Amino acid sequence: MNLYHSTRSHALACSSKEAVRRGIAQDGGLFVSDSLGEQKIDVSALATMNYAAIARTVLAMLLPDYTEDEIAACVDEAYTGTFASPEVTPVVPLTEKGDATPSTVPSSVLELFWGPTSAFKDVALQMLPRLMARATGTASTGAAEAESTDNASAPEKIMIVTATSGDTGKAALAGFADAPGCGITVFYPEGKVSHVQKLQMSTQEGTNVAVCGVRGNFDDAQSAVKRIFADSALAERLAERGVALSSANSINIGRLVPQVVYYFAAYAQLMRAGTIQAGDEVEFCVPTGNFGDVLAGYYAKLLGLPVAKLIVASDANNVLFDFLTTGVYDRNRPFFTTISPSMDILISSNLERMLYHLSGGDSKLVASLMEQLAKNGRYEVTPELLTRIQDVFACGWAREDEVSAAIAACWRDHGYLIDPHTACGYHVMEQLAPASGARARVLLSTASPYKFPRAVAEALGLDVPADDFACMEVLAEATGTVPPAQLAELRHKPELHHDVVDVEGMSTFVEAAAGRLA
Ligand SMILES: *Cc1c(COP(=O)(O)O)cnc(C)c1O
């Protein structure tokens, strides 16, 4: 069942399991499916479905070569007992406090941060390892049938290699720690992640995990990881030991598909709350970096979810805002380090998938645009294509001072505490009038405010102590909210990983970690 193929060529087709295992197509394109949207999900049935039931429905449609039993097991393992909310991703209404002006359309927040690492990436990274295990035939259960593809021989072990600026690394570690048949290596830029983020990674337990600081910045680490993936001599040496490398970032469809689920789950909750009726259109505002989260919203729309508009919210790195307003994508611009580090990105990988779908599956066009991006850092789409894109996506961005102001305003007007990433979305949603036809607006909250206690406490005008854990206490005291236990307890956890290497040493580090896996 070769449903998936590269955005850059219809020739490179494979099953969804193969797409999950590979992560990225051989020609550098991303895996997409042309049958996306042929089947629709009946939204009137959503109101009676819980998160797991919705997840099983969505995953079965997008990953058809996984058996029903495999999908049920993946969903159960990923979401039973791992998220500190019975809804997994709860929807919370934003009500007005005091003399704040009520909005014309009811607004809510979709809280995506109740997983083990307090950022939305948990939703996908709790699922990806389970999907990966069934794609490689190394799951402890339900892996009896072998795929008739080229991986049918001895089960390979997979070494996940990830460079992180903070959030992805910890969520991937938590997902892949002790996952059968997998190992994980995470590189973070030494001295350039927050204190809490560093401790989240350096205290990670698990027999198959490796964490290493890199002397350099995130771009250096990321480029080196790409070189490691492209190193065929290394790949051959690892293959002899039964190990293949793969990726856990959002170019992998195994990370994208689980994110489609919570758009439907949000809709189901709004129906149950009586905020909307089946068929009513909802607008979603999404703090965006690599375009994975908001693309999942577009996939939900293609699967039949009544979506009014998807708002792409950026921080000061507003390359997507410029593209969505002018049709010119140009990464030749200054890079800003902001208080929303996970959105500090100039090459937004998943835009490639959006261009594929909205150009009507024009893989030649996508290949050409991506070549221009690689060569000149710039490309431009036709006015016709831009119009089609703008029919689906609205956009806005927040300056650094506007992000802080949004944290303060949301607290003042709604008594609701948001992190700096969510605050970019809040600012943009406040700037834009609701899309015509929208009966409700939903702001996706991508991280717990306690992951960024310093920036949030400063935005609220509190006295900010030097220590991040003291900042958490100040924030808790002032707002009556509670820090997630897994963040507060980092203070007392032993640091297990102390390695730091130069960029040139990363490949050797990966090979040694892969050797321990074999
Ligand atoms: C990764 C991340 C984002 C950006 O999500 P994309 O899918 O890359 O667009 C936003 N907020 C937080 C907290 C993140 O960790």
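A polar contact is a pair of N or O atoms within 3.5 Å. With that cut-off in mind, and remembering that the model is a predicted one, we can look at F291, where a backbone N or O atom lies 3.1 Å from an oxygen atom of the ligand. At G292, a polar backbone atom is 3.3 Å from an oxygen atom of the ligand. T446 takes part through its side chain instead of its backbone, for an N or O atom there is 2.9 Å from a nitrogen atom of the ligand. Taken alone, the ligand would expose 380 Å², and the protein buries 97% of that area.

A search of the whole structure finds 20 salt bridges, and one of them joins D167 to K451, with the closest N and O atoms 2.7 Å apart. This pair links distant parts of the chain, since D167 belongs to helix α6 (residues 167-176) while K451 sits in the loop between β15 (438-445) and α18 (453-459), 284 residues apart. Both D167 and K451 are buried.

The loop between β15 and α18 also holds S448. Because its relative accessibility is 3%, S448 counts as buried. Leaving aside residues up to four places away in sequence, S448 touches F113, S118, D419, P484 and L487.

A second salt bridge joins D322 and R333, whose closest N and O atoms are 3.0 Å apart. D322 lies in helix α12 (residues 319-326) and R333 in the loop between β12 (328-330) and α13 (351-358), so this pair ties together parts that are eleven residues apart in sequence. D322 has a relative accessible area of 25% and is therefore partly exposed, and R333, at 24% relative accessibility, counts as partly exposed too.

Why are E18 and R22 separated by about one helical turn? They are four residues apart in helix α1 (residues 16-22), and it is this spacing that places about one helical turn between them. E18 counts as buried because its relative accessibility is 5%, whereas R22, with a relative accessible area of 27%, is partly exposed. The pair also belongs to a network of salt bridges in which E18, R21, R22 and E156 are linked.

Finally, we can turn to helix α5 (residues 128-136), in which nine of the nine residues are buried, so that the helix is largely enclosed by the rest of the structure. Among these buried residues of α5 are L128, P129 and L131, and also R130 and R134. The residue that follows α5 is G137, and its phi is positive, near 70 degrees.

Conventions. Residues numbered from 1 in each chain as written. Predicted model: local features only at pLDDT ≥ 70, side-chain atom pairs only at ≥ 80, totals over all residues. Heavy atoms only, no water. Polar contact = N/O pair within 3.5 Å; in protein donor to acceptor, adjacent residues only side chain to side chain. Areas by Shrake-Rupley, 256 points an atom, 1.4 Å probe, with all protein chains shown as cover. Buried < 20%, exposed > 50% of the residue type's maximum accessible area, 1.4 Å probe, protein only. Helix = DSSP H or I, 4+ residues; strand = E, 2+ residues; numbered from the N terminus. Salt bridge = Lys/Arg side-chain N within 4 Å of Asp/Glu carboxyl O. Contact = heavy atoms within 4.5 Å.
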